[in-house]
Amino acid sequence: MSQPSPRIRPGGFRELGPVGWAAARLGARVTGSRDVHLFSTLGHARRLFPAWLAYSGMMMPFGVLSRKDTELVILRVAHLRGSAYERAHHERIGRRVGLGDDEVARTLEDPTTAGWDDRRRALLCAVDELVRTKDLTDPTWLALAAHLDESELVGFVQLVAQYDGLATSLHVLRVQLDERR
């Protein structure tokens with residue numbers, strides 16, 4: 001199935017400026033891609049891009065949840081939002097940080113029946129509810145709070161909101177999947 005045409009074409013140095021262009025080039029090298037279309041598209045907003053990049057970096061890879069939990073959360077958001085770009089990118093990252101193929105695959109399943117331990121079931125059920133309703137019921141919050149401290153609770157909500165919003169940007173802008181080198 002072909003992807004719809006991008007609404008904003010990935011830019012080069014002239015469109016992105018030095019920061020956006022450097023981020024796109026470095027990202028491509030790290031990911032083994034010809035271009036990181038996310039960076040070369042969002043980089044068109046030159047004043048916003050560096051701040052977004054710093055904030056995103058604080059969510060992942062420097063967030064308050066473990067790297068594995070962070071990737072499970074992002075993979076679940078990507079699945080729920082139908083974000084092929086996020087999904088492809090974070091399947092690779094998830095495996096690099098130690099998620100097994102089975103764990104990656106189970107993020108496509110209902111977390112209540114996918115065989116997760118209590119902590120991860122609470123995380124992934126909370127992702128489902130937060131993405132679906134933009135809120136958490138008290139029982140869901142209490143289940144999550146049984147496994148996370150206050151810093152992690154705030155970080156969790158911010159992580160889900162960040163990747164839910166990113167899925168919206170990717171969809172609206174019709175950002176194309178990255179091509180592997």
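This tour goes from the whole fold to single residues.

**Before you start**

This is a predicted model: local features need pLDDT of at least 70, side-chain atom pairs count only at pLDDT 80 or more, and totals for chains, interfaces and linings use all residues. Residues are numbered from 1 along each chain as its sequence is written, and side-chain values use heavy atoms, with hydrogens and water left out.

**Stop 1: the whole chain**

Show the cartoon. The protein has 9 helices and 0 strands. Helices (H or I, at least four residues) and strands (E, at least two) are DSSP runs, numbered from the N terminus. The radius of gyration is 17 Å, close to the 16 Å that the globule rule gives for 181 residues, so the protein is as compact as a globular protein of that length. That radius is taken over C-alpha atoms, and the globule rule is 2.2 Å times the number of residues to the power 0.38. Switch to the C-alpha trace: along its principal axes it spans about 50 × 35 × 30 Å.

Now colour by burial. Buried residues make up 45% of the 181 residues. Buried means under 20% relative accessible area, exposed over 50%, and partly exposed in between (1.4 Å probe, protein chains only). Next, look at contacts, meaning heavy atoms within 4.5 Å. Of the contacts with a separation of 6 or more, 69% join residues 24 or more positions apart.

The accessible surface comes to about 9,600 Å², and 58% of it belongs to carbon and sulfur atoms. These areas come from the Shrake-Rupley method with a 1.4 Å probe; for residues, only the protein chains shown count as cover.

Colour the charges. There are 25 positive and 23 negative side chains, and the centres of the two sets lie 11 Å apart. Lys and Arg count as positive and Asp and Glu as negative; His and the chain ends are not counted. Each charge is placed at NZ of Lys, CZ of Arg, CG of Asp or CD of Glu.

**Stop 2: the aromatic rings**

How many aromatic pairs does the structure hold? It holds 4. Select Phe13 and Trp21: this pair is edge-to-face, at 5.7 Å centre to centre with 75° between the planes. Rings of Phe, Tyr and Trp (its six-membered ring) pair if their centres lie within 6.5 Å; planes under 30 degrees apart count as stacked, over 60 as edge-to-face and the rest as tilted. Phe13 is partly exposed at 47% relative accessibility. Trp21 is partly exposed too, at 34%.

Then select Phe39, Phe49 and Trp52. Ring pairs link these residues into a cluster.

**Stop 3: Ser33**

Go to the loop between helix 1 (13-31) and helix 2 (37-42), where Ser33 is found. Is Ser33 buried or exposed? It is buried, with a relative accessible area of 1%. Leaving out residues up to four places away in sequence, Ser33 touches Ala28, Asp178, Glu179, Arg180 and Arg181. Draw a C-alpha distance from Ser33 to Asp178: they are 145 residues apart along the chain, yet separated by 6.2 Å.

**Stop 4: a cis peptide bond**

Find the loop between helix 3 (49-59) and helix 4 (67-81), which holds Pro61. A cis peptide bond joins Met60 and Pro61, with omega about 20°.

**Stop 5**

Select His89 in helix 5 (residues 84-96). His89 counts as buried at 18% relative accessibility. Its C-alpha is 9.9 Å from that of Ala78, 11 residues apart in sequence.

Move on to Ala105 in helix 6 (residues 101-106). Ala105 is partly exposed, at 37%. The C-alpha atoms of Ala105 and Glu91, 14 residues apart along the chain, are separated by 9.1 Å.

**Stop 6: positive phi angles**

Which loop holds Lys134? Look between helix 7 (118-133) and helix 8 (138-145). Lys134 has a positive phi of about 65° although it is not a glycine. Lys134 counts as exposed, at 54% relative accessibility.

Jump to Arg174, in the segment after helix 9. Its phi is near 60°, a positive value in a residue other than glycine.

**Stop 7: Leu173**

Finish on Leu173, in helix 9 (residues 150-173). Leu173 touches Pro6, Arg7, Ile8, Thr41 and Leu42, not counting residues up to four places away in sequence. Its C-alpha and that of Ala22, 151 residues apart along the chain, are separated by 21 Å.
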